[in-house]
Amino acid sequence: MNSESDFIKTVFGLKLKQLRQKKNWSLQDLAVKTGLSKSYLNEIENGKKYPKHDKIIQLSDALNSTFDDLVSTKLDKSLAPFNEILQSDFFKEVPLELFGINKNNLISIISDAPKKVTAFINALIEISQNYNLGKERFYFAVLRSFQELYDNYFPEIEDKVNQFTEENHLQIDRNLKSDILENILIEKFNYTIQSEDFEKYDTLDNLRSLLIPEKKLLLLNRKLEKDQKTFILAKEIGFNVLELKVRPTTYSWLDFGSFEEILNNFYASYFAGALLISKEPAIEKTAEFFQQNNWNPKSFESLINTFTHSPETFYYRLTNILSAEMGIKDLFYLCLVKKKGSDKIQILKELHLNHQQAPHANAMNEHYCQRWIAVKNLHDLKENETLTDAQISHYKDQGISYLVISTSQRNPFSDGSNRSYCLGILLNSQTIKKIGFVKSPSLKTINVGVTCESCSIADCEIRQAPAVRLEKEHFNSSMKNSIEKIRKEF
């Protein structure tokens, strides 16, 4: 809770509601017996108001409770498990309001079925512990759900970008100079910006930027390439234009203090992407590309280069405009990474704008399907190369197919690791009409799985691990069938 006062009001409301419900009284019944208005009693039960001394006496008399029991913050046994939750930062840290849930709604659910809700919360905690879902993973999962709820399109930020570009007479194209953005930060927002050799600070070598807020000093790693520097400056402008005070001071993440930091970091990043890739030209050029009858990797690379030198920025920007402006909402975006000297593939970022279950990141150290075009690209990538390709990925176990386009490149800021960015568009009657090259002979259809451990492709020549999870499911299914046979015989 946000304060001791909030906690006291909430506990009082919970106890009052519990006592009333034990007597099978409605709010109107309690209002009649106490002479207090129904609306006033409702506000007390929802933790909005705390009654004065004389009204507490009226309530305790009507409910056959003592004054001391009613005002005590000690909860009944059935509500005791929520004592810790109510006194923690639960309501502050978990951004329920983003999903249309307010504190009072949750308190009402808790008080109506305390034992069942307690069991549910304990189950979530146990699942998170067993599947390595720490606070950071939880917060980023909440953020992804928030993005997906709004199709990853935020028109109010798009409007702020348009207003900013008009006020500053900016021409948005791939040649937008970082010097222009740097001058805006210096002249309009009173920043001091300087390049710094982070290598001399031991482990800070891979840090891209550091903000010292009290001095408005932005330190940029000298190793930054032009596009990386431009994005950081655009994002810094986003923090200021959107007036986001609670924010991280490093890029990339080192630590965070609250969900608000993560949310604001996303807003600023969204602003940067919208600033660097203007929406209307991106819609026009992407629509033209989709109307082509043949898939050509060079044509897609040319589309990227029309707007930016950064495939990552372009792929992510597509998730905004495809969903909101082109009516293609059933899609996913993944960023995969393969570190130098390792064959292990990790999903670094993911976003799903549909309700399909594949492919999602897996936190159980399972092996991602080697047939994914993004994974193949990572393995085939040569030094200082950018590799783009596409395929139709058919998820045999789910019975769905995606057009998946992927671009891989060496991560220029790390110790030789490679990254793949991929966009998957669910193939249905709507999307097939909008993408002319879906039936292109240069586009292969490949049966794929999610992880080797759960995949049913029996003849896979590049399987990395046996299908242990799938085999267990089949074993359990076989046992159930055998039990059914026995039942029929007896």
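## Before you start

The model is predicted, so local features need pLDDT of at least 70 and side-chain atom pairs count only at pLDDT 80 or more, while totals for chains, interfaces and linings use all residues. Residues are numbered from 1 along each chain as its sequence is written, and side-chain values use heavy atoms, with hydrogens and water left out.

## A sheet of four strands

Let's begin with an open sheet whose four strands run in the order S1-S3-S2-S4, with mixed pairing. Strands (E, at least two residues) and helices (H or I, at least four) are DSSP runs, numbered from the N terminus. The edges belong to S1 (192–196) and S4 (250–251), each pairing on one side only. Two strands count as paired if DSSP finds at least two bridges between them.

S4 and strand S2 (residues 209–212) pair in the antiparallel sense, over two bridges. Look for Ser209 there: its bridge partner in S4 is Tyr251.

## The helix on the sheet

Helix H13 packs on this sheet and touches S1, S2, S3 (217–221) and S4; contact here means heavy atoms within 4.5 Å. The direction of H13 makes about 160° with that of S3. Such angles run from 0 to 180 degrees between N-to-C directions, with axes fitted as lines to C-alpha atoms, for helices over the stretch in contact.

After H13 comes Glu243, with a positive phi near 55°.

## Ser401, tucked into a strand

Ser401 sits in strand S8 (residues 400–410). It counts as buried because its relative accessibility is 18%. Its side chain makes a polar contact with the side chain of His394 at 2.8 Å. A polar contact is a pair of N or O atoms within 3.5 Å; within protein, one must be able to donate a hydrogen and the other to accept it, and residues adjacent in sequence count only if both atoms are side-chain atoms.

## His367, out in a loop

His367 is in the loop between strand S6 (345–352) and helix H18 (373–380). With 33% relative accessibility, His367 counts as partly exposed. The side chain of His367 makes a polar contact with that of Glu453, at 2.8 Å.

Terms used
Buried means under 20% relative accessible area, exposed over 50%, partly exposed in between (1.4 Å probe, protein chains only).
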